[in-house]
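Here are my notes on the model, for you to read beside the sequence and the coordinates.

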Amino acid sequence: MASAAVAATMALGLAGCGEVKEPRGSSQPQGASLRITLGTQEFPEGRILGELWRQVLAVNGYAVDLRKGVGPAEDLDAALKADEVDGYVAYTGTVLSVVAGEDPSGLDPEETYDAVREFYAGQDMVVSPMTPFENTDAVATTAAYAEERGLTSIGDLADVPGLRLGGRPEFEDLDLGLAGLRSTYGLDDVEFTPVPLGEQYAALDRGEVDAVDAFTTDPALRDGDYRLLDDDERLFGSQNVVMVVGEDKLAEIDDERFLAVVDSVNALLTEEVVVDLNAAVEQGREEESVARTFLRENDLLERYRG
């Protein structure tokens with residue numbers, strides 16, 4: 001399933017720990033004009049994305065202070081407005097719902113991105129080009145369960161009597177959760193079982209539930225043992241990743257080149273790639289090492305010449 005680039009990344013198996021050493025030939029600016037502070041969420045994927053940006057920007061002459069684990073979208077947005085960070089890792093659908101207060105359901109990636117870009121333009125902020133991958137909520141079953149019952153989309157679950165659905169406790173009452181599944185797909189005959197985040201696939205394996213709330217870049221999806229059901233109505237919206245950065249800061253640091261460097265990484269981040277990067281961290285490798293190996297394998301630890 002993994003792309004060639006990430007297969008090579010996994011094969012290298014570098015034991016990364018401690019501080020990341022930038023490759024020879026990278027330069028660090030001495031003045032404040034090319035310095036930028038970026039924030040991330042606490043979960044591993046957000047931290048990996050921050051590391052990818054930090055390292056590729058460092059090679060291209062930007063001094064990046066990476067603040068990992070600032071918090072969820074609302075905390076990152078507040079930190080940007082308070083000048084505590086200059087930019088951050090953002091998921092488009094989350095920004096639209098949590099920060100902008102708009103409903104992301106039913107919107108495809110381009111529509112979501114356009115709405116987010118318009119919202120931030122009114123906040124004197126800019127968004128980078130988005131990644132190909134998105135990390136949305138999803139509904140998963142075991143591959144065997146889906147094949148046995150001919151399940152391909154979430155709507156097919158409406159025909160399963162007494163469906164046992166597992167998910168993090170708050171999922172039951174969310175509009176972008178079971179409440180939405182009921183109203184959008186007619187999943188009325190459902191028994192909900194609270195399952196701690198991270199234990200949903202084990203619950204499937206033990207036969208305690210028939211389907212679970214999942215995320216589309218979960219490392220457990222690498223091996224094909226589980227099946228994500230299609231969200232035909234886009235209930236869960238779109239969740240591509242962008243960097244959000246303040247207009248004033250961007251003007252200080254050569255905005256066109258800065259965003260081009262960021263996009264040189266973003267453009268390679270497919271769902272397969274990100275699942276494998278997440279899996280590498282889950283297996284014990286440091287985020288810094290995983291990011292550096294991926295960048296090296298894709299010739300991004302050299303100065304951008306686009």
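**Notes on the predicted model**

1. Gly166 has Val212 in strand 8 as its bridge partner. Strand 6 (residues 163–167) and strand 8 (residues 211–215) run parallel and are joined by 2 bridges. Strands (E, at least two residues) and helices (H or I, at least four) are DSSP runs numbered from the N terminus, and two strands count as paired if DSSP finds at least two bridges between them.

2. On provenance: this is a predicted model, with local features requiring pLDDT of at least 70 and side-chain atom pairs pLDDT 80 or more, while totals for chains, interfaces and linings use all residues. Residues are numbered from 1 along each chain as its sequence is written, and side-chain values use heavy atoms, with hydrogens and water left out.

3. Angles run from 0 to 180 degrees between N-to-C directions, with axes fitted to C-alpha atoms, for helices over the stretch in contact.

4. An open sheet of 5 strands also occurs with the order 2-1-3-10-4 and mixed pairing. Its edge strands, strand 2 (63–67) and strand 4 (125–127), pair on one side only. Strand 3 pairs with strand 10 (residues 241–246) in the antiparallel sense over 5 bridges, and Tyr91 stands opposite Val241 in strand 10.

5. The axes of helix 2 and helix 11 come within 10 Å and cross at roughly 105°. Helix 2 is therefore roughly perpendicular to helix 11, a label that covers 65 to 115 degrees (under 35 is roughly parallel, over 145 roughly antiparallel, the rest oblique). Pro44, Glu45, Ile48 and Leu52 in helix 2 meet Val274, Leu277, Asn278 and Val281 in helix 11, where contact means heavy atoms within 4.5 Å.

6. The largest pocket has a volume of about 1,200 Å³. Of its 39 lining residues, Phe43, Asn135, Asp137, Leu197 and Phe215 are the closest to its centre. Helix 4 gives the most to this lining, with 5 residues. A pocket is an open set of points on a 1 Å grid over the protein atoms alone, where a 1.4 Å probe fits, with protein on both sides within 12 Å along at least five of seven lines; lining residues have an atom within 4 Å of a point. The volume is the space filled by probe spheres set on the points, which are joined across faces, edges and corners.
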